[in-house]
Amino acid sequence: MAINTDNAAKPVGAYVHAKEAGDLIFLSGVGPRHPKTDEIPEGIEAQTHATFSNVKAILQAAGLDMSHVVDIMVFLTDIKNDFKNFNSIYSEYLEGYEVTRTTIEVGALPTPILVEFKVVAQK
């Protein structure tokens, strides 16, 4: 079953916000764009908060919250300069949850953003 919401940034391609498969929910890549204005906040801190806001909105549309997240793949465009601040903010959202994570640096993302998440949650 496809999951979409007006409370998260619109997909920038032909894909849904998330897809349910059995008891798992697979979120498409989620970045920091504002759901209504498409604006991109400046800096890794603001973009990390905005990305989590979009993730939470998609999870909510699926009837879930952050406690259901089992895995996050993080894409950063500048891991050397942004990882420390990103990681500090990341911890605020996931403290106390047992979530696996992979963080990699990429040369670019589809829009001019610094961070994107690929999230898997379980019902």
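## Asn54 and its contacts

Asn54 touches Asn7, Ala8, Ala9, Val30, Gly31, Pro32, Arg33 and Pro35, leaving aside neighbours within four places in sequence. Contact here means heavy atoms within 4.5 Å. Asn54 sits in helix α1, residues 43-61. Helices are DSSP runs of H or I with at least four residues, strands are runs of E with at least two, and both are numbered from the N terminus. Asn54 is buried, at 2% relative accessibility. Buried means under 20% relative accessible area, exposed over 50%, and partly exposed in between (1.4 Å probe, protein chains only).

## Basis of the model

This is a predicted model: local features need pLDDT of at least 70, side-chain atom pairs count only at pLDDT 80 or more, and totals for chains, interfaces and linings use all residues. Residues are numbered from 1 along each chain as its sequence is written, and side-chain values use heavy atoms, with hydrogens and water left out.

## Asn4 in its loop

Asn4 lies in the loop between β1 (2-3) and β2 (18-21). Asn4 is partly exposed, with a relative accessible area of 47%. Not counting residues up to four places away in sequence, Asn4 touches Val16, His17 and Ala61.

## Strand β4 and its partners

Strand β4 (residues 69-76) runs antiparallel to β6 (residues 115-122), and seven bridges join them. Strands pair if DSSP finds at least two bridges between them. Asp71 has Val120 as its bridge partner in β6.

Six bridges join β4 to β5 (residues 100-105), and these two run parallel. Met73 is bridged to Thr102 in β5.
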